[in-house]
Amino acid sequence: MEGDIKSRGLFDSDRGRSRVSFVSVFSVLCGFQQATTFTASTTVFKSKARKEGHSYSSLAGPAGQTSLKERLSPPGIPNRQLEGEAFPGIPKFPTPLSAMAMVCLSDFEDYAKKYLPKIAWDYFSAGADDCTTRDENILAYKRIRFRPRMLRDVSMMDIRTKILGSEISFPVGIAPTGFHQLAWPDGEKSTARDPPNAFVSDSFPMKMFLIPVQAARAMNTCYIASTYSTCTLEEISAAAPGGLRWFQLYIHRNRAASQQLVQRAEALGFRGLVLTADLPYTGKRRDDVRNGFRLPPHMKVKNLEGAFEGGDCSEYGLPPNSLDPSVTWNDIYWLRSLTRLPIIIKGILTREDAELAVRHGVQGIIVSNHGGRQLDEGPATIDALVEVVEAVRGRVEVYVDGGIRKGSDVLKALALGAKCVFIGRPALWGLAYKGEEGLQDVLRILQDEFRLSMALAGGEPSSRDSEEQPGAMSLAGVSCLVTGAGGFLGQRIVRLLLEEEEPLAEVRLLDKAFSDEALGRFEKFKGKTEVKILEGDIRDVTFLHRACQGVSLVIHTASLIDTLGLIEKKLLWEVNVTGTRLLLEACVRCNVQHFVYTSTIEVTGPNCKGDPIFNGDEDTAYESTSKFPYAQSKRLAEDSVLKADGQVLKDGGTLMTCALRSMYIFGEGCPFLQGHLDKCLLNKNVYLRFSRKEALVNPVYVGNIAWAHLQAAKALRAPQKAKHVRGKFYYISDDTPHMSYADLNYELTKELGFGIEPQLPMPLTALYYFSLLLELVSFLLRPFVRYIPSTNRHLVTLLNTPFTFSYRKAQQDFGYAPRYTWEEAKQGTGKWIASVIPQRRLHLQSSTA
Ligand SMILES: Cc1cc2nc3c(=O)[nH]c(=O)nc-3n(C[C@H](O)[C@H](O)[C@H](O)COP(=O)(O)O)c2cc1C
């Protein structure tokens, strides 16, 4: 099986380890063998132990033969590290347990089994039918073997990671499980070690329901609250306001109730929406049937109280058949229209569904079989993980749950591509043992075991490539030419260049002309970097030659942007295509080494059929190229830029290039926003609806796309990074919520009291043919008069096709991460719009007078 991993190219390098890229770290470390080799390796282990003078049992001695500390102290890790407190900077490793000798997760399981009422224990441990899949989840981990690496300085372990942008202290979160209250009804009793008994107690303090979320916050990890929580979302969020919480949703027949839950979760600061996909009906759990499982009368599915008529709550606290079994992939669009939260889909087990999930625009996938409680005899989740990770190809984050019982299981899951794992039943055992403290103990044991396994397998995240250290990539002392520097994006790039902490030597600003306003702005940001203004034409070879002399980096943003077909094709070609080629030639002659090109999403499409793309990525070849002249001119120019990579410079050096395909750019000074604003003001402060609500796109804030240019330039200058980035294009978006172009206008200004028309002026198909008619009229009139229609088929398609792209590859290859949040972008842009309104009103009055 080692070949499996080798063939994925993971064994050939020791580079690129960082705390957030566990996959690369562990894939280098681990391989796996099938269970058939198990007996053989056990034999080897036994005979080796004898040879070294140990008995087998003393190496694997049962609890009780050694002290707790000895058992926790792995050979080779000095005791001073165990007592980390005395040595500042050295992490506690492993953390001594506060509890009695609960050594591993099965100790908590044994406790829960012994003390929980049978009906509660049976409910927690149940699997569907024969419980084959439930048990297989655990067995499958046991079949996987490590290929450990040695002598890799494992003295400092950093096991933090990020999920959907939020940092957690280690890659284990708490899966959604309903009815926690069954595990931990009465804190005081359990502290005194009396067995908890939910079925006899009906007086338990409310705070006890909220323990899991508090434990997760204390351990700085993610808690997924179930729809079937026995306390409300409001109570959960009040209990751990700062904690990372996601909300798990089951879609019910009462869609209004589900909608309300989603919107409540978003308003309460939950940061992800987890849609459970594997429960159209509840699986058959035999013990629950035998026990006639019902929630005790004092427990309620509080989130859904009042959502269903009639008092029959016989199916796990709700009326039978309240779940909606007609849910399909299209309902992801429905959810998307309800919320801006990232959507994570839980219950995916095949590559086909993983692909569909990505195509429908989810941000994360939890590979799960509901702990084996739904379809029996499906695959173990760790086995399914491999196929899902392969299908997803890094486009969205992949997590896994089911059968995680040891730290080494976590390590295996990460080695096979999971970003993080979630635990279900072990969390409930921890609760049953000792409430919040018990759950924290469970998490801490997993954390310690994970760190230990990682160390023993040779994990060494502290020895990252030096180029990945913050500050290692810089533009200090560089002379840079920015073309199109007077434009909306160009100005922002210049501003960031001038704001760089380590100053550049010089920034040359090239454009056809600069407004006084722009020149004033540059003056404001001027510091140690010399600024030169170069006014001239990009088609002028001598001018370009002069501009490039002595420069080592060119950021080429200059181009004519034309979505309406206003500009003559010849001019468009001369500036966008020929201008770019001439500039590249000047770079070769003047020994410019690095070249970043501003391309556009329009080179990808949408095509004339309006084929939607969700979460598009660089590794997929889309058939959706647009034939519109502007898009074509940008595509040709981009081609020239990428082909120029590797050209030999006059001094024998090499030209390195890359292109950034930007989404639609918004922000302060955006000319398109101003155009839409004018129309809105003329329409009594109501924005025109030129794109339908479902046409989701992900525009990018000008500050973020500008930042991506700087990051790409820095990467081209760092040899280790440059080899990944050279000759490549990247999609650049940010965390702006997905919405239609028309809705973006509205979102940015709704606080100013502006409205938006609810519907397109006519049905989409009619609009399309209306545009065709206008184009025909324009064509027929051409010999007599130049009539440019206000819309065309290309524009109608562009504005009405769902088209979203991820920035993940740029993040991976050159560390791009949005510099501004959506809130900051919205605020900055909204303020700018508010500031120009008086002047736009005056302008409109004078031009209509
Ligand atoms: C008692 C119990 C209740 C559960 N309730 C939910 C739930 O409300 N929503 C959900 O999506 N998954 C639910 N699950 C599934 C878990 O989220 C998770 O997929 C599973 O427990 C992982 O397997 P593990 O228990 O082996 O860790 C539940 C699982 C158990 C054991």
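Guide: Happy to. This is a predicted model, in which local features need pLDDT of at least 70 and side-chain atom pairs count only at pLDDT 80 or more, while totals for chains, interfaces and linings use all residues. Residues are numbered from 1 along each chain as its sequence is written.

Where pLDDT is low, the predicted coordinates should not be read in detail. Over the protein chain, the mean pLDDT is 83, and 82% of residues reach 70 or more.

Now to the helices, which are DSSP runs of H or I with at least four residues, numbered from the N terminus. Take α20 (residues 488-499) and α26 (residues 702-717): their axes come within 9 Å and cross at roughly 60 degrees. Axes here are lines fitted to C-alpha atoms over the stretch in contact, with angles running from 0 to 180 degrees between N-to-C directions. The pair α20 and α26 is therefore oblique, the class left over once angles under 35 degrees count as roughly parallel, over 145 as roughly antiparallel and 65 to 115 as roughly perpendicular. The crossing of α20 and α26 is right-handed, meaning that the near helix is turned clockwise from the far one by less than a right angle.

On the α20 side, the residues in contact are F488, L489, R492, I493, L496 and L497, and they meet V702, G703, I705, A706, W707, H709 and L710 of α26. By class, this contact has 10 nonpolar, 2 polar and 1 charged residues; Ala, Val, Leu, Ile, Met, Phe, Trp, Tyr, Cys and Pro count as nonpolar, Asp, Glu, Lys and Arg as charged, and the others, Gly among them, as polar.

Another pair is α18 (residues 407-415) and α19 (residues 425-457), packed at about 60 degrees with axes 7 Å apart. The crossing of α18 and α19 is right-handed. Here G407, S408, V410 and L411 of α18 meet residues of α19 including L446, F450 and M454. The contact of α18 with α19 divides into 7 nonpolar, 3 polar and 2 charged residues.

Note on methods: pLDDT = per-residue confidence, 0-100. Helix = DSSP H or I, 4+ residues; strand = E, 2+ residues; numbered from the N terminus. Contact = placed C-beta atoms within 7 Å.
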